[in-house]
Amino acid sequence: MNHDELAGIVAELADDLAPTAVESGTGLGALLSSAETIVDDKALLGVMVTAVRMGNVASYLLAAATARAEAIGIPVRHRLKSGRDLLRELPLAPAAINRVARLAQHLDDLPNLAREVRDGDLGIEHADAVIRGLDHISTRMGADGFSEVRDKTTSTLLAHARIDQPAQVMEKARELGHELAPLDPPSTPPADNPSLNQAAITRTDEGRVTLEADLDQLSGEKLHTALDALAKPIPAPDGSPDPRTRAQRTADALVTMVSSYLASRNRPTVGGIVPHITMTVPLPVLVGRGGEGDSRVARLGFTGSVSADTAREIACGSTEVTALITADSVPLDAKRTQRFVTGTLRRALEARDGGCQFPGCGRPPACCEGHHIQHWADGGETNLKNTVLLCSLHHHTYVHGKGWNIQIGFDGHPWFQSPEGGDWIRCHNRRSLTLADHAAA
């Protein structure tokens, strides 16, 4: 089949799917637009299977053309380095380019794999998983050792590719790498090499912070283990499911873990100074009196300027925060007993609450912050009758964000009320008591 014949097949298929074919009641397009229940089930399923096979064949065709283009020097004549650069000239995503280029490189040395893609039986994603899996095993064993088991491992991974997803094929390759790697000299897989670890924390133009990390397997396992319990869904006070997505719960868990570290009394020091959040904030911002100019903006140590609402949240009573308040450019030490929930008061608060008191939560004290029921800036005092332990989620998202109300009831413990009003709800520790069903403040 030459180029003209192939182009003709493509043109015929395009015509068959055109609106005119639908209108005339002929062609594949008509079937797709007017298929009937039961009568056309088999035909539609056949179209889906055929379409998948055609896509696989097209992937092979592109890989074979790329390999041949390299063999006859087309990239060089177009001032390009390789067939991969030719693929970049096409409307393909980078991941698709990499898969096609890798398949093109292995058409000759992996004939069984190439034949399955050519026949439409195997998708390029699965074929690429086999290729990357073989490269992984070869790296673990060395070229000489791998040559002895190449055919067997190829057959094993190809068998898994027919029934498993690409990620499962790669997992099988890692298992084979562990089994076949020589003990002497030992072979360290990339997943076990902590020297390759990298992490970057960047601030976006909008002021948000992004975190990107590449960790070895053991470090990743520790991170998963630490976050898993903290990322469990927390039902809403009315018993409805946690509205947060998995990604949101994981982010909240990460913040909780960092907050617990900063709240720990035994955390390492830096130059003799215990790490803590530092905020510089003009007094008018903190007490809610507006102003103009840069002197009226609160700033955090690493991430810069912050909104007045967030500054007031930070200053609400978190033990890990040190706020330096300035009024008329005169520094004022704000970390005083009247302001932050520390020392004896913190211990008394932990003894009374024992953890986050938002209904249905109960996270331990190490995960909690001291919240002023009446804000300090609004005249609220820092004592046991005006403070409550809350985890970061319920402190910032529910109380400050959604406006849940809190008061200390007749029993000396916190009671909660939803932003919509209604009955007051007992705190988490006293949720099972059968006292009066309202809080007598």
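1. Of the chain's 441 residues, 34% count as buried (under 20% relative accessible area, with exposed being over 50% and partly exposed in between, for a 1.4 Å probe and protein chains only). The model is predicted, so local features need pLDDT of at least 70 and side-chain atom pairs count only at pLDDT 80 or more, while totals for chains, interfaces and linings use all residues. Residues are numbered from 1 along each chain as its sequence is written, and side-chain values use heavy atoms, leaving out hydrogens and water.

2. The chain holds 17 helices and twelve strands (DSSP runs numbered from the N terminus: H or I of at least four residues for helices, E of at least two for strands). Among contacts (heavy atoms within 4.5 Å) between residues at least 6 apart in sequence, 51% join residues at least 24 apart.

3. Carbon and sulfur atoms account for 55% of the chain's accessible surface of about 25,800 Å² (Shrake-Rupley method, 1.4 Å probe).

4. A nonpolar surface patch consists of I201, V209 and L211, with about 320 Å² of accessible area together. Patch residues have over 30% relative accessible area and no salt bridge, and nonpolar side chains are joined within 5 Å; a salt bridge is a side-chain nitrogen of Lys or Arg within 4 Å of a carboxyl oxygen of Asp or Glu. V209 belongs to strand β2, residues 209-214, and is partly exposed at 46% relative accessible area.

5. There is one cavity of 30 Å³ or more (points on a 1 Å grid where a 1.4 Å probe fits but cannot get out). The largest cavity has about 40 Å³ of space, and its lining residues (an atom within 4 Å of a point) include D242, R244, F358 and H394.

Key: Patch = residues over 30% accessible without salt bridge, like charges linked within 9 Å, V, L, I, M, F, W, Y side chains within 5 Å. 1 Å grid on protein atoms, 1.4 Å probe; cavity = no way out; pocket = protein on both sides within 12 Å on 5 of 7 lines; lining within 4 Å. Points joined across faces, edges and corners; volume = space filled by probe spheres on them.
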